[in-house]
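I am opening a notebook on a structure I have not looked at before. I will take a few residues in turn and write down what I find around each.

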Amino acid sequence: MSTSIPLHTALPPSGACLRRRCVRRRRHAPGRLSLRASSLEAPADTAAANKEKGQAERKKTTARRRSRTKKANELGLEVLYDDGFGEATVKDYFEALRGMPLDDGGPPRWFCPVECGPPAVDRAPLLLFLPGIDGVGMELILHHKSLGKVFEVRCLHIPVNDRTPYEGMLQIVEESVQHEHGLSPERPIYIAGDSFGACLALSAAARNPQAHLVLVLVNPATSFAKTPLQTILPLLEMAPSNLPVTLPHLLTYLIGDPLKMAMVSIQKNISPQESLQKFSESLASMLSLLSESGHMVQMDTLVWKLKLLKSGADYTNSRLHAVQAEVLLLASDNGNLPPSGEADRLFKALKICKVRCFRTSGDRLLMEGSFNLLTVIKGASMYRLGRQKDSVTDFLPPTLSEFKRTFGEDFKILNHLLSPVMLSTLKNGKIVRGLAGVPDTGPVLFVGYHELLAMELPALAEELLREKKAVLRALAHPVFFVGNFEIARQELSLFDVVPVYGGVTVSPINTYKLFERDEFVLLYPGGIREALHRKDEQYQLFWPDQPEFVRMAAQFGVTVVPFGCVGEDDFLEMIVDYNDQKNIPYLREWIEQFNEDCPGVRSTVKGEGNQVLHLPAVLPKVPGRLYYMFGKPIEMKGMDGIQRDRESANQLYLQIKSEVESTISYLKRKREQDPYRSITQRALYQATWGPNAQIPTFEP
């Protein structure tokens with residue numbers, strides 16, 4: 001694919017024409033949905049007369065809201081849509097570099113990559129990309145298609161021979177930010193900066209605290225003074241100005257590590273011989289392109305860019321205290337910039353900052369094939385359409401590439417070891433294998449038992465996506481979305497997978513909005529207490545006394561699906577639980593401090609066990625098998641009386657709890673009849689019938 005600069009749509013600094021078109025489109029877009037069913041209360045003397053009329057009006061209002069929401073969803077993105085990630089390679093970047101006009105002295109300008117296309121999301125936020133020291137502006141080329149579906153993308157191009165000083169560059173960025181903020185103050189403006197561009201992004205944020213900015217910083221060059229470049233800069237100034245930059249060490253700062261970049265073109269799931277051949281061919285072509293790039297850049301240009309980098313780092317470091325924007329810092333541990341400890345320094349210096357560390361990546365993180373920028377932004381809960389993040393309405397469905405990465409690679413071994421069996425109950429009471437008994441449309445509420453360490457969640461989310469093409473919106477503990485735990489996280493940690501696949505903080509308002517949008521919702525009434533239970537407490541329910549969800553589910557006519565899951569005792573053995581840990585002085589103090597820093601859940605709810613967050617010590621066993629059982633769906637449509645009758649709500653609550661306990665008892669009894677419960681028998685079956693064959697189980 002050809003991606004040279006002349007083929008891209010150039011924009012003036014403000015991009016006024018494109019913005020006017022976006023403003024006209026948004027003028028007719030539906031506004032955000034109100035979360036209140038009624039904002040006024042009828043006077044006491046007329047309440048009785050208007051009671052029936054008010055109920056009818058509320059039902060009509062709810063129906064209209066749900067209709068509007070459904071229509072808005074149809075205009076958005078489908079579940080498992082093809083985001084195009086992985087189609088472009090580093091070769092396309094070098095093709096763009098080759099097409100860069102060498103005799104163009106400036107000025108810097110904005111352009112829209114044609115690969116991005118128009119956003120598929122209505123009212124999509126703006127993303128301004130600021131390049132690294134090379135200035136091409138095409139470092140996002142591997143991400144253009146995926147980002148273009150959810151952002152309005154513009155990139156800054158700095159010609160090779162341009163000599164605009166740092167404050168001149170900053171003014172160009174600042175003018176665009178101020179113009180966009182003036183057009184739509186509530187629309188977030190994302191600024192993604194790579195290396196030198198990250199300095200520009202921080203400086204622009206420091207000078208424009210009133211703008212609604214979200215910064216995505218990739219290996220910021222704020223640590224320039226601590227790098228070898230600072231030492232060799234005087235020596236480079238003494239070199240002839242027309243000397244081409246061909247030294248490999250210098251090229252790694254400009255272009256990146258050719259070994260890592262050559263790996264981007266290697267396809268997965270091919271034989272080692274084919275991988276080696278592909279890598280050799282890719283590296284050979286990469287080295288020739290690197291050599292050509294080195295001859296394109298003269299020594300005087302390199303010296304100017306390094307001086308520009310130095311002045312940018314100094315300017316930015318002096319103004320870090322003024323940055324008010326929300327920041328996502330992406331740092332490579334195996335590169336030249338930033339050096340060790342720079343991510344920690346910036347994390348402490350910036351007011352609102354999340355950090356993701358990539359320990360095996362180099363400087364050119366954006367050009368490594370395993371790195372998906374959109375997935376990282378979603379995993380950090382940083383994507384939003386308005387000034388405030390709304391995890392329900394701002395949710396982007398998982399993409400096909402994310403699904404393949406998560407369940408085809410990350411959880412593949414776990415799924416293979418546990419070989420989950422899923423059973424569901426039809427309306428006539430018949431138990432079948434698969435999810436045929438689960439409704440095809442929402443709103444649906446799955447209510448079930450939380451296994452130790454929540455090990456049942458990945459297979460549950462995967463199967464619902466495969467069979468129903470539905471996202472499981474799990475109501476999760478706030479620890480998955482907030483807290484100062486980001487330094488140790490990788491690109492897709494367990495914490496980040498939860499928001500990527502639809503998890504939201506458990507709360508009444510989020511539950512209300514999910515039901516309003518006809519979603520598939522997952523609720524564990526036992527919460528953390530079940531997922532972190534004590535020794536000899538497996539398969540026990542720790543539900544609160546109050547029917548927290550029943551009346552709201554009745555209001556929306558939700559179909560409740562009780563379910564149970566067994567198998568944790570087949571592959572994990574508890575060694576040290578919370579009762580043991582609280583008797584260890586230093587460990588007890590650490591747990592107490594950790595829980596003080598975390599927001600709690602249901603601190604005033606009675607009848608529930610201790611919700612203390614901790615990490616029990618477990619030992620793996622020879623893997624058994626994981627079993628799921630979905631009970632007969634309970635249709636709550638027409639149960640309006642439950643909303644006002646506390647006793648009826650409590651009876652239904654106890655019925656659902658009893659159904660969950662019954663499914664657990666059923667699975668514990670029936671798994672004894674499974675001839676393939678042992679991993680040895682399952683391995684022999686797959687060796688005979690192939691790795692993709694569905695392994696049989698007991699007769700339901």
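Entry 1. I began with Ala 201, which sits in helix 6, the run of residues 196-207. The model is a predicted one, and I keep that in mind throughout. Is Ala 201 buried or exposed? I find it buried, because its relative accessible area is 0%, and the cut-off for buried is under 20%.

Entry 2. I looked up what Ala 201 touches. Setting aside neighbours within four places in sequence, Ala 201 is in contact with Leu 130, Ile 191, Leu 215 and Leu 217. I also checked Leu 170: Leu 170 and Ala 201 are 31 residues apart in sequence, and their C-alpha atoms are 8.5 Å apart in space.

Entry 3. Next I turned to the nonpolar cores. The largest has 50 residues, and those with the most contacts inside it are Leu 130, Ile 191, Leu 213, Leu 215, Leu 217, Val 323 and Leu 350. Which helix gives this core its largest share? I noted helix 6, with nine residues. Another core lies apart from this one; it has 46 residues, including Val 121, Ile 141, Val 218 and Leu 366.

Entry 4. I followed Leu 350 from the largest core. Not counting residues up to four places away in sequence, Leu 350 touches Leu 202, Leu 320, Val 323 and Val 327.

Entry 5. I moved on to Asn 372, in the loop between strand 8 (352-358) and helix 13 (373-379). Asn 372 counts as buried because its relative accessible area is 6%. A polar atom of the Asn 372 side chain lies 3.2 Å from the backbone nitrogen of Leu 374.

Entry 6. I then looked for His 614 and found it in the loop between helix 23 (585-597) and strand 17 (617-620). His 614 is buried, at 8% relative accessible area. Which backbone atom does the side chain of His 614 reach? I noted the backbone oxygen of Val 612, at 3.2 Å. Leaving out residues up to four places away in sequence, His 614 touches Leu 532, Arg 534, Tyr 578, Gln 581 and Ile 591.

Entry 7. Last, I looked at the surface. Ile 584, Leu 587 and Trp 590 form a nonpolar patch there, with about 290 Å² of accessible area together. Of these, I placed Ile 584 in the loop between helix 22 (578-581) and helix 23.

How values were computed
Residues are numbered from 1 along each chain as its sequence is written. This is a predicted model: local features need pLDDT of at least 70, side-chain atom pairs count only at pLDDT 80 or more; totals for chains, interfaces and linings use all residues. Side-chain values use heavy atoms; hydrogens and water are left out. Helices (H or I, at least four residues) and strands (E, at least two) are DSSP runs, numbered from the N terminus. Buried means under 20% relative accessible area, exposed over 50%, partly exposed in between (1.4 Å probe, protein chains only). A polar contact is a pair of N or O atoms within 3.5 Å; within protein, one must be able to donate a hydrogen and the other to accept it, and residues adjacent in sequence count only if both atoms are side-chain atoms. Contact means heavy atoms within 4.5 Å. A nonpolar core is a set of buried Ala, Val, Leu, Ile, Met, Phe, Trp, Tyr and Cys residues joined through side-chain atoms within 4.5 Å. Patches are made of residues with over 30% relative accessible area and no salt bridge: like charges are joined within 9 Å, nonpolar side chains (Val, Leu, Ile, Met, Phe, Trp, Tyr) within 5 Å. Accessible areas come from the Shrake-Rupley method with a 1.4 Å probe; for residues, only the protein chains shown count as cover. A salt bridge is a side-chain nitrogen of Lys or Arg within 4 Å of a carboxyl oxygen of Asp or Glu.
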